[in-house]
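I opened my notebook to see what holds this chain together. I'll jot things down as I look them up.

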Amino acid sequence: LMLMNSKFTTQQADLFAADLVRSNSEVAQQIAAAWQRCYTQDITPSVLDSLLAFVATQSDLFLARDNKLTAEVAHHKALASVCHALLSSNEFLYVD
């Protein structure tokens with residue numbers, strides 16, 4: 001919970017998302033790159049599909065809540081949410 005509620009983690013997730021958008025033009029590439037960078041393994045197709053759906057849904061929600069947002073900003077915020085979840089996951093708590 002400390003990571004999920006940390007301002008530092010939120011800021012890092014935002015910067016991580018910005019870097020992914022700069023480096024990859026396709027949403028699937030952005031998510032796959034985030035997964036690879038966080039976990040040093042390829043993302044499975046089912047997880048990728050789930051995260052693609054999450055980003056699409058989150059982007060739509062951000063746009064619906066604030067009509068001043070652009071689609072690009074809404075996408076960035078949704079991708080930052082994915083990055084935040086990845087950075088806050090249990091994968092960083094235990095070493096195999």
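Predicted model: local features only at pLDDT ≥ 70, side-chain atom pairs only at ≥ 80, totals over all residues.

**Entry 1: a salt bridge.** I started with Arg37, which forms a salt bridge with Asp19; their closest N and O atoms are 2.7 Å apart. Arg37 sits in helix 2 and Asp19 in helix 1, so this pair ties together parts that are 18 residues apart in sequence.

Entry 2: I looked for another partner and found Arg22, whose side chain meets that of Asp19 in a salt bridge (3.6 Å, N to O). Both of these residues lie in helix 1, three residues apart, about one turn of the helix. The structure holds two salt bridges.

**Entry 3: buried or exposed?** Arg22 counts as exposed because its relative accessibility is 63%, and the cut-off for exposed is over 50%. Arg37 is partly exposed at 48%, and Asp19 is partly exposed too, at 23%.

**Entry 4: helix 1.** Which residues of helix 1 are buried? I got Thr9, Ala13, Phe16, Ala17 and Leu20. Seen down the axis of helix 1, they fall within an arc of 100°, so they line one face. They pack against helix 2 and helix 4. On the other side of helix 1, Lys7, Phe8, Leu15 and Arg22 are exposed. At the N-terminal end I found a cap: a side-chain oxygen of Ser6 lies 3.2 Å from the backbone nitrogen of Phe8.

**Entry 5: helix 3.** I did a length check here. At 1.5 Å a residue, the 21 residues of helix 3 (45-65) should span 30 Å, and the end C-alpha atoms are 30 Å apart, which agrees. Its buried residues are Leu48, Leu51, Val55, Gln58, Ser59 and Phe62. Down the axis of helix 3 they fall within an arc of 105°, so they line one face of the helix. What covers them includes helix 2 and helix 4. Pro45, Asp60 and Ala64 are exposed on the other side of helix 3.

**Entry 6: the core.** Last, I looked up the largest nonpolar core, which has 22 residues; Leu20, Ile31 and Leu86 touch the most other members. Helix 1, helix 2, helix 3 and helix 4 each supply at least two residues of this core. Helix 4 gives the most, with seven residues.

Technical notes
Residues numbered from 1 in each chain as written. Heavy atoms only, no water. Helix = DSSP H or I, 4+ residues; strand = E, 2+ residues; numbered from the N terminus. Expected span 1.5 Å × (residues − 1). Buried < 20%, exposed > 50% of the residue type's maximum accessible area, 1.4 Å probe, protein only. Arc of directions from axis to C-beta. Contact = heavy atoms within 4.5 Å. Core = buried A, V, L, I, M, F, W, Y, C linked by side-chain atoms within 4.5 Å. Polar contact = N/O pair within 3.5 Å; in protein donor to acceptor, adjacent residues only side chain to side chain. Salt bridge = Lys/Arg side-chain N within 4 Å of Asp/Glu carboxyl O.
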